[in-house]
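Take a look at the chain below.

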Amino acid sequence: MQSETLSTSNISFEEYRNQILNDYKTALISRECSLLGRREVLTGKSKFGIFGGGKELPQLAMARVFKNGDFRSGYYRDQTFMMAIGKLTVEQFFAGLYAHTDINREPFAAGRQMGGHFATHSLNEDGSWKKLTEQKNSSSDISPTAGQMPRLLGLAQASKVYREEKGVSHFSDFSINGNEIAWGTIGNASTSEGLFWETVNAGGVLQVPMVISIWDDEYGISVHAKHQTTKEDISLILEGFRRDEKHEGYEILKVNGWSYPELMEAYQKAEKLARDKHIPVIIHVKELTQPQGHSTSGSHERYKSEERLNWEREHDCNKKFKEWIIERNIATAEELLDLEKQAKKEVRKGKQQAWSAYLSEIKSECEEALTLLTAVEQKSQNKNFISPLLHTLNSKEDPIRKDILEATRKALRYVAKESFEEKVALQNWVNAYIAKIQPKYSAHLHNENENNAINVKEVKPIYEHDSSTVDGRIIIRDNFEKLFSKFPETLIFGEDSGKIGDVNQGLEGLQEKFGETRVSDTGIREATIIGQGIGMAMRGLRPIAEIQYLDYILYCVQGLSDDLATLRYRTFAKQKAPLIIRTRGHRLEGIWHSGSQMGGLIHLLRGIHILVPRDMTKAAGFYNTLMDSDEPALVVECLNGYRLKEQMPSNLSEIRTPIGVVETVKEGSDITLVSYGSTLRLVEQAAKELLSVGINAEVIDVQSLLPFDLNHDISKSVAKTNRLLIIDEDVPGGATGYILHKLMDEQNVYQFLDSKPQTLSAQPHRPAFGTDGDYFSKPSVEDIFEKVYDIISETDPNSYPEIR
């Protein structure tokens with residue numbers, strides 16, 4: 001079904017005719033997949049369906065000009081496009097609908113995403129890159145509306161970097177002279193989202209080769225365009241972005257989605273502008289239809305008038321395509337009818353094959369379970385309770401794995417007090433089955449190959465006797481300079497990152513040395529800063545996206561959580577984006593720049609390492625470690641650490657701070673104090689003052705929140721001290737609650753405790769402004785001292801009488 005560029009100048013009429021008929025058949029197959037897919041959902045074979053019916057023709061036009069090396073960042077209705085570029089078969093379409101967990105049969109997500117979410121494989125089995133310039137590429141789709149747009153910006157910007165930056169010109173696996181286009185697709189209603197406008201603005205500023213297709217069927221679920229878009233026409237309100245003789249901007253094209261020749265002309269024009277000149281293009285594809293409504297959860301007859309429904313029937317793009325073919329004498333009605341029959345037959349066959357393949361493995365597993373259950377039933381004294389479980393499972397015509405485990409695990413409850421060989425066999429089978437099947441649903445949240453970040457060995461800083469003492473910012477600056485010299489694919493960007501070298505001078509002078517492409521300023525647009533990073537990282541670059549302050553990260557949590565954090569997981573390790581996010585926070589003054597979002601981030605960003613270095617030497621070591629691996633990470637530097645003095649290591653570029661490893665910064669015997677970031681300095685000060693009253697506290701720096709203390713060193717400390725206090729500046733129950741969960745549920749520290757484990761966090765509100773605001777809002781040295789004192793006093797009140 002793969003399409004090539006439509007042309008009548010260099011091919012015969014017969015070849016031209018075959019191209020068009022091949023397109024028509026692809027459109028038919030795609031539509032029939034949508035129709036049968038809906039039936040499969042309504043008959044219970046799939047949970048939910050969302051399909052691309054009504055959008056076939058413009059996707060065929062886009063496929064014509066989509067070249068090897070290009071990337072798609074798309075919308076969950078692009079099935080026709082994926083078929084047309086040869087990256088989606090009928091069987092794979094239905095495998096996605098059935099959530100088949102075999103990556104070879106469902107190559108987009110191994111059943112982890114619902115149908116309509118597509119991806120190509122960027123990685124080999126060992127996690128290394130494929131030659132992306134030798135294949136057509138699709139970044140992995142996500143459901144959040146407009147969430148694909150920020151990533152699109154980065155995919156396009158990568159071409160600009162590869163064209164302009166000589167240091168990466170030899171990266172031919174990822175780009176050939178920056179000639180690749182990033183193709184974005186979005187529904188017209190989703191253009192109401194801020195992510196769309198932020199991306200459009202940034203793309204116009206950067207002048208990157210991206211082509212945005214807006215599929216316009218006038219509705220967003222049940223809501224008409226008059227409630228979505230000013231003037232009810234997205235291209236009208238985009239006019240201010242149109243380029244002219246004086247201003248750079250977009251080429252904006254408007255075309256009816258049912259006109260095959262107009263679509264072909266529009267997409268060929270868009271391709272030439274974007275590929276040759278790096279001019280971004282917006283194609284507003286109007287007068288499309290959605291013949292099956294938004295999804296399988298409802299019917300569009302509920303909200304569309306009969307007049308509208310009749311119009312949609314008449315303007316269905318497949319119907320219009322057929323009429324055009326007949327009018328142009330390219331094929332007869334009888335020939336097209338024959339193609340329609342072939343398409344229906346192929347889709348039915350592919351559906352049956354996909355369903356059979358999906359069921360065969362599970363049925364085999366079910367047969368094993370039934371055999372073992374039968375043996376247990378015959379031996380058990382509780383046969384009357386087991387027989388119904390056996391009968392229910394045996395009567396399942398189309399069993400799923402949940403059915404198998406419900407029956408076998410419940411049966412084991414009834415034989416818990418019995419002892420016979422068949423019971424042991426069932427126990428062993430259930431345990432082995434879960435161990436085998438669970439990874440199908442849980443593997444690959446992080447890199448599971450040898451080059452993962454956790455495997456990078458620690459290299460401690462070395463200090464000479466005459467080591468200079470410098471501001472912390474000098475250490476981070478000099479380390480970035482060494483990284484940029486070593487890795488030509490590395491670039492950093494953010495608000496104030498370029499000309500002035502970031503607001504804290506951690507990048508001072510680096511733009512002048514490495515150029516504006518590699519060290520650059522951006523607009524105030526955090527979501528697309530992250531999108532730039534995700535897209536460029538997916539194309540072989542090593543971007544560092546700078547979010548100026550920790551609380552600004554809330555602007556881009558959606559992209560971090562839904563896109564970056566899930567990428568490796570949702571593609572079954574077939575795509576990656578080793579993006580580093582650099583930000584700063586902790587112990588500031590005032591509501592807006594001093595709040596701690598750590599509790600939220602550690603729950604929302606599973607799949608991204610979250611690192612909290614206490615000083616700039618530790619931070620430098622984290623950046624070095626991350627550059628030795630290929631995983632995304634958020635590094636939170638201490639804002640009040642840039643001016644604090646640190647010794648300059650003699651082996652700065654060799655330092656590696658280990659990920660998932662804590663550090664004991666002070667040994668003690670009476671209580672274990674756990675903290676991180678800037679608060680750790682207060683803990684250290686309190687520990688010194690506690691010595692004056694005879695309390696010797698052990699102080700542990702967490703360093704890495706995700707992952708957390710992989711060696712269980714905190715547990716070893718608590719085994720020695722028998723007391724535990726966790727301190728941070730987050731709200732109560734935030735990061736301290738997470739740390740306590742890790743220590744109690746995973747490290748089992750409760751067995752070593754002589755008193756209740758406790759936490760000390762900030763007040764539940766944002767910090768008030770000023771030094772006093774900080775003192776009364778977040779833990780102080782006095783708070784920490786008194787909390788520890790009270791814990792010790794519980795067991796020895798005579799030696800430690802009440803302070804207040």
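Leucine 673 has valine 699 of S19 as its bridge partner. Strands are DSSP runs of E, at least two residues, and helices are runs of H or I, at least four, both numbered from the N terminus. Strands count as paired if DSSP finds at least two bridges between them.

This is a predicted model: local features need pLDDT of at least 70, side-chain atom pairs count only at pLDDT 80 or more, and totals for chains, interfaces and linings use all residues. Residues are numbered from 1 along each chain as its sequence is written, and side-chain values use heavy atoms, with hydrogens and water left out.

## The sheet

The open sheet has 5 strands, ordered S17-S19-S18-S21-S22, and its pairing is mixed. Strand S17 (663-666) and strand S22 (758-760) form the edges, each pairing on one side only. Neighbouring strands are turned by 25 degrees against each other on average, direction ignored.

## Helices on the sheet

Helix H23 (residues 679-691) packs on the sheet and touches S17, S18, S19 and strand S21 (724-727). Contact means heavy atoms within 4.5 Å. The direction of H23 makes about 170 degrees with that of S19. Axes are lines fitted to C-alpha atoms, for helices over the stretch in contact; angles run from 0 to 180 degrees between N-to-C directions.

Helix H27 (residues 781-795) lies across S18, S21 and S22. H27 runs at about 165 degrees to S22.
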